[in-house]
Amino acid sequence: MTVTTTETPPAGGALVRQLADAASYWQPVPANGYVTCIMTDADVGAETPFGVGMQTIAPGGCFVRPHAHDKNEEVIHFVSGTGRIELDDGAEVHRGTPGTTVYIGKNRRHSFVNDGDQPLTFFWLLMPAGLEPFFAAIGRPRAAGAPAPAPFPRPENVAQIEAQTVFAPPKA
């Protein structure tokens, strides 16, 4: 049976946000870079929960430590720089270059290593959202264009912060 309708669905919301206008945080070691939390479903009243942002990892072997999200799916799109994509604690390794896109399902351990000599920047999409409070809790507020601070440690209660946000329990 074919159903035909002449009704036009209502227009959804819209938001245009410049990168420099989004909340941004310097990140502690081992990433030594910064994260910009661009937008979440709460910003636009979206029906589908999501969070999007950009992360830059400093060169010289800096990395996003191995972790998993037990209730979230993630998409990473490499924008600039080069690095390693490590899945399942390095059991599977891929090259990340500008244009590489990675889908990471729930509970899939992953890490990103900047093994190049330039900053490594990627766009992230997390479904549902939840990285934003984590980055705010472990980082320091950043203004666009501000010089990077000296490397600083992760908070002593980082395990508690992870447990309260979007991270799976640590690997035993």
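A residue counts as buried under 20% relative accessible area, as exposed over 50%, and as partly exposed in between (1.4 Å probe, protein chains only). By that rule, phenylalanine 134 and phenylalanine 167 are buried. Phenylalanine 78 and phenylalanine 122 are buried as well.

This is a predicted model, in which local features need pLDDT of at least 70, side-chain atom pairs count only at pLDDT 80 or more, and totals for chains, interfaces and linings use all residues. Residues are numbered from 1 along each chain as its sequence is written, and side-chain values use heavy atoms, with hydrogens and water left out.

**Aromatic pairs**

Rings of Phe, Tyr and Trp (its six-membered ring) pair if their centres lie within 6.5 Å; planes under 30 degrees apart are stacked, over 60 edge-to-face, and the rest tilted. The whole structure holds seven aromatic pairs. One of them joins phenylalanine 78 and phenylalanine 122, tilted, with centres 5.9 Å apart and 50° between the planes. This pair links distant parts of the chain, 44 residues apart: strand 5 (residues 73-80) and strand 10 (residues 120-127). Strands (E, at least two residues) and helices (H or I, at least four) are DSSP runs, numbered from the N terminus.

Phenylalanine 134 and phenylalanine 167 also form a tilted pair, at 4.6 Å centre to centre and 55° between the planes. Phenylalanine 134 sits in helix 2 (residues 131-138), and phenylalanine 167 in the segment after helix 3 (158-164), 33 residues apart. Ring pairs link Trp124, Phe134, Phe135 and Phe167 into a cluster.

**Charges over rings**

A charge sits over a ring if NZ of Lys or CZ of Arg is within 6 Å of the ring centre and within 35 degrees of the ring normal.

| Charge | Ring | Distance from ring centre |
|---|---|---|
| Arginine 140 | Phenylalanine 152 | 3.8 Å |
| Arginine 142 | Tyrosine 34 | 3.5 Å |
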